[in-house]
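Trainee: I would like to learn how to read strand pairing in a model. Please take me through it step by step.

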Amino acid sequence: MEPTNPAQDPTDALSPVPATGTGRAPTPTGRLRFFFGPMDCGKSTLALQIDHNQARQGRNGLLLVRHDRSGTPTISSRMGLARKALEVHEDMDLCRVVRDHWARGTRVDYLIVDEAQFLSPDQVDQLAELADDARLDVYCFGLATDFRSTLFPGSRRLFELADELNAIQVEVLCWCGRPGRFNARVHDGDVLRAGDTVLVADTAIAADEVRYQVLCRTHYRTGDLGPTAVDGRQLSLT
Ligand SMILES: Nc1ncnc2c1ncn2[C@@H]1O[C@H](COP(=O)(O)OP(=O)(O)O)[C@@H](O)[C@H]1O
Ligand SMILES: Cc1cn([C@H]2C[C@H](O)[C@@H](COP(=O)(O)O)O2)c(=O)[nH]c1=O
């Protein structure tokens, strides 16, 4: 779909609103990027850092999230940073969301999408369309696999469509010291193997609640959670 002038019909086509003001903001490259890694590896932190770096060059971004741990439409990092975002609902058309911004005269240069594993495959297709036809830079952040170690449908589609796949470099260690890649769902000392794909919870230890623990493959397979947690902390091996 070729861009057309949105001044003629801003709701009809995927066509960026022309830059206003100084017009010096860097031009979007129209790439769909997926940054992935296990829980707690710094995905939301990186999402907020990229937003910060883009915004300070005068680019206009739209922050999207689905099911943040905070229970609010926020991109929140365990490092303490947080920014309000637009909650993506199940059947939300992301092309329509961008068009609505254009219709209000708001330029959109880039999208930041956190918890992108929860997007539907159709919504990932819409992100690809926005990258291709509207030349938006789309930055997605999310888990690759769920608690059963199978790909989330949204992540699978991102692996299929993204221009760039970036495994986050910060290692999350299993209790044994090996790098952890598996997001175990834990309740009452057991690794759960069945249940709904979506269950929003944290890695912090909380009594009587489902939580997640990042494990290496060996300990994910055997369901070995390591030294027992006491007082909300995992005991260290030393
Ligand atoms: N007190 C702390 N000091 C230093 N780094 C921290 C601290 N708390 C959290 N972090 C860092 O924040 C990371 C989690 O960031 P976050 O963006 O919330 O992860 P994700 O979105 O991948 O779940 C941890 O891996 C760790 O590197
Ligand atoms: C493995 C797995 C995770 N979730 C949820 C749990 C958290 O709310 C998010 C991941 O958050 P983070 O920013 O990566 O720490 O996803 C889920 O619903 N289902 C799963 O299988």
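Mentor: We can begin with S2 and strand S5 (residues 86-87), which pair in the parallel sense over two bridges. This is a predicted model, in which local features need pLDDT of at least 70, side-chain atom pairs count only at pLDDT 80 or more, and totals for chains, interfaces and linings use all residues. Residues are numbered from 1 along each chain as its sequence is written, while chains are lettered from A and ligands numbered from 1 in the order in which they are written.

Trainee: What counts as a strand, and when do two of them pair?

Mentor: Strands are DSSP runs of E with at least two residues, numbered from the N terminus. Two of them pair if DSSP finds at least two bridges between them. Strands of a sheet pair through backbone hydrogen bonds, either parallel or antiparallel.

Trainee: Which residue of S5 is the bridge partner of Val65?

Mentor: Glu87 is that partner. S2 is also joined to strand S6 (residues 110-114), in parallel, by five bridges; there, Leu62 stands opposite Leu111.

Trainee: Why is strand S2 described as largely enclosed?

Mentor: A residue is buried if 20 or more other C-beta atoms, placed from the backbone, lie within 10 Å of its own; it is exposed at 12 or fewer, and partly exposed in between. Four of the five residues of S2 (residues 61-65) are buried, so the rest of the structure largely encloses this strand.

Trainee: Which strands form the open sheet of three, and in what order?

Mentor: The order is S12-S11-S13, with antiparallel pairing. Strand S12 (190-192) and strand S13 (211-215) are the edges, each pairing on one side only. Five bridges link strand S11 (residues 182-187) to S13, and Arg185 stands opposite Tyr212.
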